[in-house]
Amino acid sequence: VDRVELFSNAPMWWMTDAKSSFGGRLTRADDFAAYLAEVAAQARSSWNVPVVSVSPFNEPSAQWWRYPHDQEGCTIPPSQQSGIIVKLRGELDSRGLNDVAVAVSDENTPVSAIKSWQELRLGAARGCVARLNVHGYDGLEPWSEKKHPGIRAQLRRLAQVEALPTWMSEYGGSSKHGLDLAQSILEDIHYLRPCAWCYWQLLEHHCSWGLVEAEFVGPSDGVADVKLPHPKFHVFGHFTRFLRPGSEMLHCTEPWIVAMYLPAETTLTFVVLNRHGAGNYLLRAPAFTASRQPVTARALITQPKEQRFLVETTAEVSFTEAGLELHLELPTEAVCTIIVSQVTRVQSTRTVPGVTAGQVTDLAVLATLAAVTERRNGELDNRTCAAWSRVEHACECIVATLPVPSQLDGLRQLILHAAWGVANERAFGQASKDACACWERFHKERERLRMNDDLDWAIFNTAWAVESRARLGMEDSEGEAAARRAEEHISR
């Protein structure tokens, strides 16, 4: 173990109004901060634990921490969290732990995490926080993108604006098969993009929340009973065994797959969750080619409901002009890892394979809506975060079709300059410094790219159409005229 985060389920019993760690409210905040820092100092100096961070809260905004509760916990609202964070930073520094980060707030849901951070960032706590932590629950159920679309991406955008990394710091569940576990990991990777993902506990005492159930209190001879792992232990292993440190995470167009490339070993690894039904699947990895022959693919399938774990199967590898292709047959309700050896990423010298005019105008629509929304509501408003998340996703879906991802960069910049030019001109006036700077960059990028003039002006008019309709409604004559001009340029 090379890094450890200390987290607190609850303050010491004598620090709460209930005189218990099983619910209540914190009444001795300064003592709590000093206690956390002292434990961190002792862990490092006396126990040689590589502590890198302290997380002082555990779902502090949840409404269920009423005494008596069946689990340690404490209600600590953001207004109180702020002072504790500042005090904790000082207590750590005074003990020579300047390099130990403070992570917050380990809320139960991404929605609660967004609300807490939006309040915390306005005060002194902002300068003391080095990371945002969040749990992957919706109460006791897994957080679901289908039920709450876009919320993970809003939190990611919020963290990006603040230049803060995120951790998915806790996920667990009573389901033994682990398919929900795999889905949560993949959705978090796809939408939240944390730099760490943590399961609740490997071992649990007579409880299926653990990957393994055990008897914590053993017989007099000291030998405790440990059961065979639940199927989800093997599902989790598809991620922990095969996605190795040093790998580069690749963008995937679908949230049920993760792909990573390990340059040091010229190995491309996929982990796929199939809950769609049995069938033949085709996976494409653009711009990958053989580094040397033979290129081999090792595939392992786990069907947790069938008690089949890490069973070897076959996957067919082929190469086309666009890159690597994998053909494999997947059963339903299964997790599959495919490891492709002897491949390398190459820079293509051929022409960009067609970003369509429709994709360009769609991206211009999304970018202009995001810029206008930010000008109206501010950079950190939830609506702004959601709007920019849609832009990012649209860009990444286009990038995934290109042999060289950087080929979209110039076009993306051109669209963003137009979007911000329109938003700034409408917000500050045609002669404003911000508007003029954006239009100057727009025209410079046009000259540099030397694309089709009709495409440039389609972007320009699409941006104006979106702004006018967002401000005055879909029937606005100015917006209709700009949309017609954009369509005319596209038709040419």
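Start by selecting S94, which is exposed, with a relative accessible area of 57% (exposed means over 50%, buried under 20%, partly exposed in between, with a 1.4 Å probe and protein chains only). This is a predicted model, in which local features need pLDDT of at least 70 and side-chain atom pairs count only at pLDDT 80 or more, while totals for chains, interfaces and linings use all residues. Residues are numbered from 1 along each chain as its sequence is written, and side-chain values use heavy atoms, with hydrogens and water left out.

S94 belongs to helix α2 (residues 78–94); helices (H or I, at least four residues) and strands (E, at least two) are DSSP runs, numbered from the N terminus.

Next, the aromatic rings. Rings of Phe, Tyr and Trp (its six-membered ring) pair if their centres lie within 6.5 Å; planes under 30 degrees apart count as stacked, over 60 as edge-to-face and the rest as tilted. The count by this rule is 16 aromatic pairs. Y137 sits in strand β7 (residues 137–138) and W209 in the loop between β11 (203–205) and β12 (212–214), 72 residues apart. Y137 is buried, at a relative accessible area of 2%.

Now select Y171 and Y199, another tilted pair: 6.2 Å centre to centre, 55° between the planes. Y171 is in strand β9 (residues 166–171) and Y199 in strand β10 (residues 196–199), so this pair ties together parts 28 residues apart in sequence. Y171 is buried at 3% relative accessibility, and Y199 is buried at 13%. To see the cluster linked by ring pairs, show Y137, Y171, W197, Y199, W209 and F236 together.

Then go to R131, which lies over the face of W167, 3.6 Å from the ring centre. A charge sits over a ring if NZ of Lys or CZ of Arg is within 6 Å of the ring centre and within 35 degrees of the ring normal.

Finish at helices α9 (residues 409–428) and α11 (residues 453–472), whose axes come within 9 Å and cross at roughly 40°. Axes are lines fitted to C-alpha atoms, for helices over the stretch in contact, and angles run from 0 to 180 degrees between N-to-C directions. Residues in contact (heavy atoms within 4.5 Å) include L411, I415 and V422 of α9 and I459, W464 and R471 of α11.
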